[in-house]
Amino acid sequence: MEENRWLFFAILAMTAVYALGPKTNLSKKRCIQAITVILTCFSGFRSYQMGDVFHYYYAYQTCNSPGWMIDLKSHDTVGLQLFFRGAGKIGLDFQSCLFIIAAFVAITLGVLIYKYSPSPFWSYAMYLGMGFYIASFNILKQIIAMGFIVLAMICILENKPIRFVLFVLIAALFHFPSAIFLVSYPFAKKRINAVYFVMIVLTIVVVFVFRNQIVEQASTLYYEGDMTFESTETIGGKTIMMVAILIFGLFMRPLRNYDKIYSQIFNVLVLAVIVQTFSVYDNVFSRLADYFYQFVVVFIPLILQ
């Protein structure tokens, strides 16, 4: 993936130029627009014969075959099937579908960063460095859902609960486990006080006491039939890193009720840590945690603001 290394350098160089120059809304918009185009083209024009994407090529062919009907039992979700069918009906090939998906992901990320990140440099550094971009090359269903979850998060920050629910439900059409993000709205709005920290501690205790039972129930979102899971360790390294970032945030920028954007994103990242603790059973829980953890791309710049 030599090309990816050059992509990282190019994007970080562009954001560094913005960071060192005069900071205006226009210059920030132009910087993010340019990076959005680069990410869209780099991802959208890739070969569909890479990794798991080849499977989605056959799904596209199936959805555009004569006599096709929605298959509710298919691993290809309803949202993805309808998207492939609609694209085929208007004459778009599978490569065009990849380009549309890449554009959607890059645009939603760009909107989030433009609205809420004080530093595009650190936002894109986290997006690339945390592996979100590389992961997007294979998990098409999930990255589409993650794009809608980004829109849902913006609704949390802008106090739009109805739109929030709508975006989460659309995300669930593409990747049903994304429905877990519904818990984010009430949790993000929690008032910062002594009860708040007691609630977090109690939640963590309950999770650790009952996590075997929780894993068995949650695994049905990914696997069919009875699955048995055993933890490989007490807590994973990524979980420790996530906790360290939150502690660093508390030290650098303590939580305040008037600091609403920062506090709400902090709360969502707490949910990411809680879900990530289950990754010691199966790596699918890391992917589930990414629905919450992707907002570290805004959290880190807010810490360093």
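Trainee: What makes the crossing of H2 past H5 right-handed?
Mentor: H2 passes H5 in the clockwise sense, so the crossing is right-handed. This is a predicted model, where local features need pLDDT of at least 70, side-chain atom pairs count only at pLDDT 80 or more, and totals for chains, interfaces and linings use all residues. Residues are numbered from 1 along each chain as its sequence is written, and side-chain values use heavy atoms, without hydrogens and water.

Trainee: Why are H2 and H5 called roughly antiparallel?
Mentor: Helix H2 (residues 25-44) and H5 pack at about 155°, with axes 8 Å apart. Axes are lines fitted to C-alpha atoms, for helices over the stretch in contact, and angles run from 0 to 180 degrees between N-to-C directions. Under 35 degrees is roughly parallel, over 145 roughly antiparallel, 65 to 115 roughly perpendicular, and the rest oblique. H2 and H5 are therefore roughly antiparallel.

Trainee: How do you know which residues of H2 and H5 meet?
Mentor: Contact means heavy atoms within 4.5 Å. Ile32 and Leu39 are among the H2 residues that meet H5, whose contact residues include Phe99 and Ala106. The contact of H2 with H5 divides into twelve nonpolar, seven polar and two charged residues. Ala, Val, Leu, Ile, Met, Phe, Trp, Tyr, Cys and Pro count as nonpolar, Asp, Glu, Lys and Arg as charged, and the others, Gly among them, as polar.

Trainee: What makes Asn159 exposed?
Mentor: Exposed means over 50% relative accessible area, buried under 20%, partly exposed in between (1.4 Å probe, protein chains only). Asn159 has 53%, so it is exposed. Asn159 lies in the loop between H8 (140-157) and H9 (161-174).

Trainee: What is the phi of Asn159?
Mentor: Asn159 has a positive phi of about 55°, although it is not a glycine. Most residues other than glycine have a negative phi.

Trainee: How many helices and strands does the protein chain have?
Mentor: The secondary structure comes to 15 helices and zero strands. Helices (H or I, at least four residues) and strands (E, at least two) are DSSP runs, numbered from the N terminus. Of the 305 residues, 48% count as buried.
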